[in-house]
Amino acid sequence: MLPATFKLCAGISYRHMRNMTGLRRNAMVAIHHELNRLAGPGPCNWISQIRRRSSLLSSRIEEERYSEQEMSYVKQGEDALQKAISILGEQDGWTVETVAKNGDKVLSKVLPDVGKVFKLEVMLEQPSDNLYEELVGNMEQMGEWNPTVKQVKILQKIGQDTMITHEVAAETPGNVVGPRDFVSVRCTKRRGSTCFLAGMSTQHPQMPAQRGIVRAENGPTCIVMKPCAEDPNKTKFTWLLSIDLKVDFANHLRQRMANNVSMELAHAC
């Protein structure tokens, strides 16, 4: 099987065959299948190295399928993630804005190139996978439980990690600015057990500025969900954003997750 596999892989090195997407995909599937068979149950260093290289090649093949505009969105999302991680990694200069009785905390900081940003730090009694599914998998349902959001719509998905969304903020009493909306590129990543959801403002042809609605700018924003070291069923939840939402968001999210658990128990009975 191994010689035949590498013959197939060698075939995609020819220029006229590199453009045959189906052939390239078949080659990558064959490589992974053969490496899994060779590796067996025990560790094997050279197999691991080849696996890593084939994974990089697979990623490059996926990138080649994207248009120039799609790759631009991917880069925007990754840039937002890296910038947000850099901001969150700097521990100095944060001012405590609010501390709730349960320990929920809001901090702020003024950055030269961004302006004032806020950081929400809370501990949620939910596994990080459940929170990730609610905030990413069920993103369009956020308006059902978060009163600061009227609607969230996914305009476009690019691969597994990037999407462009349109969010309409709920109107508040006495708001002299009027209704606001956002068009954002979002980048979702997992690094080990830690989940990231980063974003920043962008433009998209499906959602030009709407008459009577103020197109707002935001970013970089980033939600970081890390399992608690002492209890994996709890999650350290950190949110970097440019709008002060106090600690209400954490309470709304807690209520949403509690309702989800109640519904699951009801269905099980």
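Is Asp104 buried or exposed? Asp104 is buried, with a relative accessible area of 1%; here buried means under 20% relative accessible area, exposed means over 50%, and partly exposed lies in between (1.4 Å probe, protein chains only). Some notes on the rest follow.

1. Ground rules. This is a predicted model, in which local features need pLDDT of at least 70 and side-chain atom pairs count only at pLDDT 80 or more, while totals for chains, interfaces and linings use all residues. Residues are numbered from 1 along each chain as its sequence is written, and side-chain values use heavy atoms, with hydrogens and water left out.

2. Strand β2. Helices (H or I, at least four residues) and strands (E, at least two) are DSSP runs, numbered from the N terminus.

3. Strands count as paired if DSSP finds at least two bridges between them. On one side of the pairing list, β1 (residues 95-99) runs antiparallel to β2 over four bridges, and Thr95 has Ser108 in β2 as its bridge partner. The two strands form a hairpin with five residues between them, and Gly103 in the turn has a positive phi of about 100 degrees. Strand β3 (residues 115-124) is also antiparallel to β2, joined by seven bridges; there, Val106 is partnered by Leu120 of β3. Three residues separate β2 and β3 in their hairpin.

4. Back to Asp104. Arg254 forms a salt bridge with Asp104, with the closest N and O atoms 2.8 Å apart. Arg254 lies in helix α7 (residues 248-268) and Asp104 in the loop between β1 and β2, so the pair ties together parts that are 150 residues apart in sequence. Arg254 is partly exposed, at 25% relative accessible area. The rule for a salt bridge is a side-chain nitrogen of Lys or Arg within 4 Å of a carboxyl oxygen of Asp or Glu, and by this rule the count comes to 12.

5. Lys189 and Glu78. These side chains meet in a salt bridge at 3.9 Å, N to O. Lys189 sits in strand β6 (residues 180-191) and Glu78 in helix α5 (residues 68-89), so the contact ties together parts 111 residues apart in sequence. Lys189 is partly exposed, at 24%, and Glu78 is partly exposed, at 36%.

6. Arg186 and Glu167. Another salt bridge joins these two side chains at 3.5 Å, N to O. The pair links distant parts of the chain, with Arg186 in strand β6 and Glu167 in strand β5 (residues 162-169), 19 residues apart. Both Arg186 and Glu167 are buried. Elsewhere, salt bridges that share partners join Glu78, Asp161 and Lys189 into one network.

7. Aromatic rings. The structure holds three aromatic pairs. Rings of Phe, Tyr and Trp (its six-membered ring) pair if their centres lie within 6.5 Å, and planes under 30 degrees apart count as stacked, over 60 as edge-to-face and the rest as tilted. Trp145 and Phe249 form a tilted pair, 5.7 Å centre to centre with 50 degrees between the planes. Both are buried. Ring pairs link Trp145, Phe237, Trp239 and Phe249 into a cluster.

8. Charges over rings. The criterion is NZ of Lys or CZ of Arg within 6 Å of the ring centre and within 35 degrees of the ring normal. Arg190 lies over the face of Tyr132, at 4.2 Å from the ring centre.
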